[in-house]
Amino acid sequence: MSIWEYANPVKFIRTTDRLLPWFSWAALSCLAIGLIWGFFFTPDDFRQGSTVKIIYLHVPAALMAINAWLMMLVASLIWIVRRHHVSALAARAAAPVGAVMTVIALATGAIWGQPMWGTWWAWDPRLTSFLILFLFYLGYIALWSAIEDDDTAADLTSILCLVGSVFALLSRYAVLFWNQGLHQEATFSADKEQNIADVFWYPAVISMVGFALLFIALVFLRTQTEIRARRARALLARERTL
Amino acid sequence: MLPDLGKYAGYVLSAYAVSLTLIILLVLFSVMRARRVRRELEDIEARQGRSTKEASDG
């Protein structure tokens with residue numbers, strides 16, 4: 001069995017139809033557990049007070065904002081190299097989800113920044129690259145909508161996705177390149193010494209898993225929709241020529 | 001019911017309100033569009049199936 005079997009739209013819809021309820025319920029469960037645990041049952045931080053509870057939203061959303069773009073990059077490369085329509089449509093389907101994750105990361109970051117940094121916004125490398133990433137999401141979505149021919153739209157948006165990947169990576173690694181911003185280094189670390197305390201870590205991990213599962217479930221559903229919409233457009237075009 | 005969020009209550013609650021609202025809207029729009037497009041495709045397929053059958057019968 002090859003992964004390229006799922007490039008067949010019928011096979012993709014049939015398989016994701018079976019997986020979708022599992023991913024949806026798993027996402028809902030993880031989000032409910034992670035966010036309720038984090039909000040109600042974790043202590044305040046000695047320095048940040050209760051604003052530490054914002055990390056259960058901010059960090060997973062920021063993680064998914066970057067990873068959604070990377071998923072779109074892989075799907076776009078598959079489209080460019082192998083011309084599988086499902087991969088181009090999956091990239092299209094992921095963009096609004098990634099854009100919403102970026103808005104959540106920017107909004108929760110601003111809300112956290114006001115009491116902690118004394119400002120809603122700073123032209124810090126990470127914040128700025130995240131804002132540019134959001135603009136790339138908007139441009140990507142607009143470009144898909146602006147071009148009538150699906151294949152041309154897929155080609156041009158794939159190129160835009162390649163360019164935007166620079167900012168997706170920058171928003172992750174900007175703090176390492178420019179040591180001059182307000183934003184601290186990564187909140188979570190694989191190094192136990194550097195990582196936050198377990199009492200914050202466990203609900204945060206469950207929340208991150210919830211966001212990742214939600215992203216997968218939404219991409220499955222939205223890709224199915226894009227496949228059906230593409231088929232509907234093709235049938236209508238055929239009807240007009242008859 | 002709510003934990004004591006102290007002087008930062010407004011910030012924490014607004015962060016949760018904004019995020020959960022956006023997530024719920026995203027899910028709702030995705031599900032509603034999925035249903036609408038599915039229905040539209042079924043209508044088109046049914047219509048074209050009928051017209052193909054009528055053409056072959058007639």
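A: Helices here are DSSP runs (H or I, at least four residues), numbered from the N terminus. H3(A) passes H6(A) in a right-handed crossing. One caution: this is a predicted model, where local features need pLDDT of at least 70, side-chain atom pairs count only at pLDDT 80 or more, and totals for chains, interfaces and linings use all residues. Residues are numbered from 1 along each chain as its sequence is written, with chains lettered from A and ligands numbered from 1 in the order in which they are written.

Q: What is the angle between the axes of H3(A) and H6(A)?

A: Axes are lines fitted to C-alpha atoms, for helices over the stretch in contact, and angles run from 0 to 180 degrees between N-to-C directions. The H3(A) and H6(A) axes cross at roughly 125° and come within 8 Å.

Q: And how do H2(A) and H6(A) pack?

A: Their angle is about 40°, with the axes 9 Å apart. This crossing of H2(A) and H6(A) is right-handed too.

Q: Which residues of H2(A) and H6(A) meet?

A: Contact means C-beta atoms, placed from the backbone, within 7 Å. Among them, Ile55(A) and Tyr56(A) sit on the H2(A) side, with Phe200(A) and Pro203(A) on the H6(A) side.

Q: How many residues does each chain give to the contact between chains A and B?

A: Chain A gives 31 residues and chain B gives 24. On the chain A side, H6(A) supplies the largest share, 12 residues.

Definitions and conventions: Contact = placed C-beta atoms within 7 Å. Helix = DSSP H or I, 4+ residues; strand = E, 2+ residues; numbered from the N terminus. Left-handed = near helix turned anticlockwise from the far one by under 90°.
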